[in-house]
Amino acid sequence: MTPFQKELFSRLSEITRAFLIGGAVRDQILNLKAKDVDVVTELGLDELEQLLEQWGYKPFRIGAKFQTVSVFHEGERIDFAELIHDLETDALRRDFTINAIYFDIQSKEWVDPLGGIKDLREKCLRACGSPVDRIKEDPLRIIRMVRFKVKYQFDIDEELLQAARTSIGLLDDVASERITEELGRIMVLEDVEEAVRLLDDIGYWQAYLPEFARLKGLVQNQYHSKDAWEHTLHVVRNTPPKILLRFAGLFHDLGKWETASRECYVWGKLEGSGRDYHLEKFEILGKNLQRWRGQYVEVHGARLDHYPEKIQVKHIRQSSMRKNSFEWVVDGKRHFLGHEKESARLVQRILPRFRFPMILGAGPSGEKELLWLIENHMSVTLAFMSELRGESNVNQLHHKIRRFAWEKGWDGREYQKERLLNLLELWRADFFGGKQRTPQDELIFEKLQKDIIVAAQFLEKRKQELNWGVFENFLREKNVKGKDIGEFKEIILETVMLNEKNQPENLALLEKEYQKFRRR
């Protein structure tokens, strides 16, 4: 015990019986360090509050259904609850037997009314009494069951597991804040993959995140040895235990179900306007289609698996064939065109079901970073496709890497090296996520990763060292005002960041760029 705990418990034990309960006791038996300290006492909460105030503490009443009195001291926290009737009755209000072991503060003895110590030793997770009743009292215990099972590597009592499966719909009535917090704890577990699979086993994803559950069995292209579900689990497992990266890994390929397609050809007269174009029964999806309107065309595209009336354009050209026809490409490629943007769109729709700012931090910015990572998770591969194929132009690669590091790290206000590093971590997990890679592929990948990180470090340092005094004088002399100041500075900033020979105090450079800026 800490000095704070010893002092408070010593005073309390002189007045009433008090028992440590829950995580503090469980982790002590397991020889683990406990963070949370919960106490039950025979005193009523009103009387307890008065005593704590007399002793110089500042108690807080917390909770609605089950109230506690909490005391905080230099980063420590103790939660006090009132003992209901006797210890056995109190134990039956708790979730699992491993959390219903009491330690008498006065006698220094264990009190174990439900056999929790035995379950701890046998690594068995059992409910306190009826599993169905305990879950009805608080359905969040379903998700807590997953966390405890995976964190401590216990076996779940079959009756409890079955109750969780049949009661999954009760989570509808649990506050999204509580669910989000519990999921956040699960997603940073060492064996996060086991937890994701167990949540699937009890039906959580099917009920509350069907966009994820439907990835099971979704066949990918020839570069993958796993379906979209197994690939995603591999990616999640290989991301560092940071909540932002783990959820980015979980969500990064949700759009593959929407965009899954097979290569095909279609011929006919393109009709339509605006964003709606079609060839007979097919809706044609692509850019700049208006130029082909009214013409007979050949479309080399990809027909969507789950929306077979839609074809995404890969290439389009005029056709001499004045007929309507469709053909699959023999041994045609499997495509997921634009799946990263579709994934971000789906996650935007999913976000209101949870309260991610609680666990991602930085308020709404945390959600924005999550969406940014998902939408950009293919950007490194796409930017360096030729290098990954071993077709690198050494003379251009240095500038290409620096430009990429700048564009992905600059958020319009600050250079965010951490953002770029997060992207690279997600890229690594995705790149090796069950895909077929040769030793040469791995060497090229590691070299690119290292060079991008070095570029990011250079850019971060250079940004801090830039001197803008001459630039500001130049703006005043040219009478640049309003939003033009920010726009022109953005141009100069990119110019000097991408080439260290350029400096913002170089008047010749400023004049040259200013003249171009005026003519834009």
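Helices (H or I, at least four residues) and strands (E, at least two) are DSSP runs, numbered from the N terminus. The model is predicted, so local features need pLDDT of at least 70 and side-chain atom pairs count only at pLDDT 80 or more, whereas totals for chains, interfaces and linings use all residues. Residues are numbered from 1 along each chain as its sequence is written, and side-chain values use heavy atoms, with hydrogens and water left out.

Q: Is Glu190 buried or exposed?
A: Glu190 is in the loop that runs between helix H9 (176-187) and helix H10 (192-201). Buried means under 20% relative accessible area, exposed over 50%, and partly exposed in between (1.4 Å probe, protein chains only). Because its relative accessible area is 81%, Glu190 is exposed.

Q: How far apart in space are Glu190 and Pro241, C-alpha to C-alpha?
A: Along the sequence, 51 residues separate Glu190 and Pro241. In space, their C-alpha to C-alpha distance is 7.2 Å.

Q: Which residues have the most contacts inside the largest nonpolar core?
A: A nonpolar core is a set of buried Ala, Val, Leu, Ile, Met, Phe, Trp, Tyr and Cys residues joined through side-chain atoms within 4.5 Å. The largest one here has 135 residues, and apart from it lies another core, of 13 residues, including Leu279 and Trp292. Within the largest core, the residues with the most contacts are Phe80, Ile202 and Tyr204.

Q: Why does the span of helix H7 agree with what its 12 residues should give?
A: The expected span of a helix is 1.5 Å times one less than its number of residues. For H7 (residues 141-152) this gives 16 Å, and the helix agrees because its end C-alpha atoms are apart by 16 Å.

Q: How many residues of H7 are buried?
A: The helix is mostly covered, and its buried residues include Arg141, Phe148 and Tyr152. Of the 12 residues in H7, the number buried is 11.

Q: Which residues does Thr381 touch, not counting residues up to four places away in sequence?
A: Thr381 has its place in helix H19 (residues 379-383), and because its relative accessibility is 17%, Thr381 counts as buried. Contact means heavy atoms within 4.5 Å. With residues up to four places away in sequence set aside, Thr381 touches Leu388 and Trp427.
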